[in-house]
Amino acid sequence: MADTKREIERKFEFPASHGDRPRLPELTRVPGIAGVVDQGVVDLDAVYYDTPDLRLDAGSLTLRRRTGGADAGWHLKLPVSEGVRDEVRAPLCDEPPPELTALVRARVRAGRLVPVVRLLSSREVRHLLADDGTLLAELSIDTVRAEGLTEGASSTAWTEIEVELADGVHDESILDGVEKQLRKAGIRPSTSASKVARALRETAPPQAREDSRARADGASGGTGDASGASGEDRACGRAAEPADGTAGAEVLRYLRRQRDVLVAHDPAVRRDLPDAVHRMRVATRRLRSAFRSYAKVVDRAVTDPLGDELKWLAGELGADRDREVLTQRLRAHLKAVPRTLRLGPVRARLRVWSAARSAGTRRRTLAVLDGERYLALLDALDALLAAPPLRPAAARPAAEVLAKAVLKDHRRLAGRIDTALALAPGRRRDIALHEARKAAKRARYAAEAAKPLLGGPAKKAARRVKAVQGLLGDHQDSVVARETLRLLAAQAHAAGESAFTWGLLYGREEAAAALAERELPAVWARAAKPKLRRRLRAAGS
């Protein structure tokens, strides 16, 4: 069974100019550190696994089988933020364990994991203690020998320092203080994010190193590697890139970023981490919106089928989250009802309803992520980005094309809102307002994608359209809540319970929806100001 440890650490390296490594400074000068206790030396032997084209390394993930030390076993390290990683551990066995390979399936897919490098480390360990003896951090000096395990690979060696906060300690000022003292001693932060990243770089065959340098020389921004391509793009083989400053380059950069977010959140969804499903769904929505907003840049004849698959994925991922959000809304509203008006077992009935809807959703989500359809979608996204179906507008200046797309989506939203407000209150208006909400989301995403180029006008447009989207979202939540309340009232009545409280909540939801409809014209007026549209046009000219 896998368990997880949060690592908050920093790495440092000794200057190559020193024949002998510098001595460690006196770390008790760091505020909070009262003592440094030598814990001796431990020998570690770690074999790192990756695909032959190093897809895990491209995503800053590491998978290793390590012996020696107190935590021998399999370790998968997943990036959280700069200097912070989650280490998921599994017991020692011969092959990569399924509980860890599942977490990298979105990257490995039909590929295979093979040994790529071996690190033999002699680790000198020191504990950094508070004045009461509490362990604050562990400092280790690692003398490393790396042996490449792929054809033509070589070996290398170096010495580095790791400083990691102890379990339960989150005060990074300790790391700041240690870093300050190490810098004074001539010891600098490492230029590599991890040992294995450095080992792969320094033991790679000569041709692989030249290819890496060539990619760096042709850097155009983006994520993944210096060229903006992820490991998946490199595996597919990339088409010629549109020139910097063109709409094609900017839109592809945005699409790749959202693809990378989608893949990066796959392990978090599998681990059932908070907000992971929401973030993954947002990436699918941003991709779909970009395909439509920038249809003059990328051909919809190719992107529409992908958009349909992204819609399917968002729906599969969202079933449990939608239930959870609705349950939280109804619980909050029930709590606000005076106790004298809560007639019957309303809390218990809501709990039973929520539990019944949640049964099996976790298993279903995992089945979707392990299914061939999802993996085929990821492959199709990579293929699209490796050989994008660019249209003539892709060669035009990015600011011009993106500004026109933002304005077009803004006009589309205006039409949806006008149509909805022209209808009488009721189901047809509810449906029309829901369509306006989807249009608002698309207009917001288009403006956010354009912010790096269009600056303030796009930022303001995104912020104001987000307010419209939020109001329309509240309205739609009320519509969905009323449908559920009607169902709960019917169930209560059939069971011989009072349906009064459900009817009371239904009425309150009706009032909330009516209020949102009354507020919409004023909120939309701020987003629809002609001055803002003029500034967007000017930013694109």
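Predicted model: local features only at pLDDT ≥ 70, side-chain atom pairs only at ≥ 80, totals over all residues.
**Nonpolar cores**

The largest nonpolar core has 50 residues. The members that touch the most others are L255, L262, Y294, V297, L313, Y374 and L381. For V297, the contacts beyond its neighbours within four places in sequence are A247, G248, V251, P389, L390, R391, A394 and V401. There is also a second, separate core, made of 23 residues, with F14, L136, I174 and L182 among them.

**Helix α4**

Two of the residues named for the second core, I174 and L182, are also buried residues of helix α4. This helix covers residues 173-184 and has 12 residues. From its first C-alpha to its last it reaches 17 Å, close to the 16 Å expected at 1.5 Å a residue. The buried positions in α4 are I174, L175, G177, V178, E179, Q181 and L182. An α-helix has 3.6 residues a turn, so residues three or four places apart point the same way. The buried residues of α4 are covered by elements that include the strands β1 (3-13), β6 (114-129), β7 (135-148), β8 (155-165) and β9 (188-189). Just after the helix, G186 has a positive phi of about 85°.

**Aromatic rings**

The structure holds one aromatic pair. Its members are Y49 and W74, with ring centres 5.1 Å apart and planes at 55°, so the pair is classed as tilted. Y49 belongs to strand β2 (residues 35-50) and W74 to strand β4 (residues 73-81), so the pair ties together parts that are 25 residues apart in sequence. Y49 counts as buried because its relative accessibility is 11%, and W74 counts as buried because its relative accessibility is 0%; the cut-off for buried is under 20%.

Another ring, that of W312, has a charge over it: the charged end of R373 sits 4.2 Å from the ring centre.

**Salt bridges**

A search of the whole structure finds 56 salt bridges.

| Pair | N to O distance | Elements |
|---|---|---|
| K5 and E164 | 2.4 Å | β1 and β8 |
| R6 and D86 | 2.2 Å | β1 and β5 (residues 84-90) |
| R259 and D382 | 2.6 Å | α8 (residues 247-264) and α14 (residues 372-386) |

R6 counts as partly exposed because its relative accessibility is 44%. D86 is buried, with a relative accessible area of 4%.

The pair of R259 and D382 joins two helices, α8 and α14, and links parts of the chain that are 123 residues apart. R259 is buried, with a relative accessible area of 1%, and D382 counts as buried at 2% relative accessibility.

Definitions and conventions. Residues numbered from 1 in each chain as written. Heavy atoms only, no water. Core = buried A, V, L, I, M, F, W, Y, C linked by side-chain atoms within 4.5 Å. Buried < 20%, exposed > 50% of the residue type's maximum accessible area, 1.4 Å probe, protein only. Contact = heavy atoms within 4.5 Å. Helix = DSSP H or I, 4+ residues; strand = E, 2+ residues; numbered from the N terminus. Expected span 1.5 Å × (residues − 1). Phe/Tyr/Trp six-rings, centres within 6.5 Å; stacked < 30°, edge-to-face > 60°. Lys NZ or Arg CZ within 6 Å of the ring centre and 35° of its normal. Salt bridge = Lys/Arg side-chain N within 4 Å of Asp/Glu carboxyl O.
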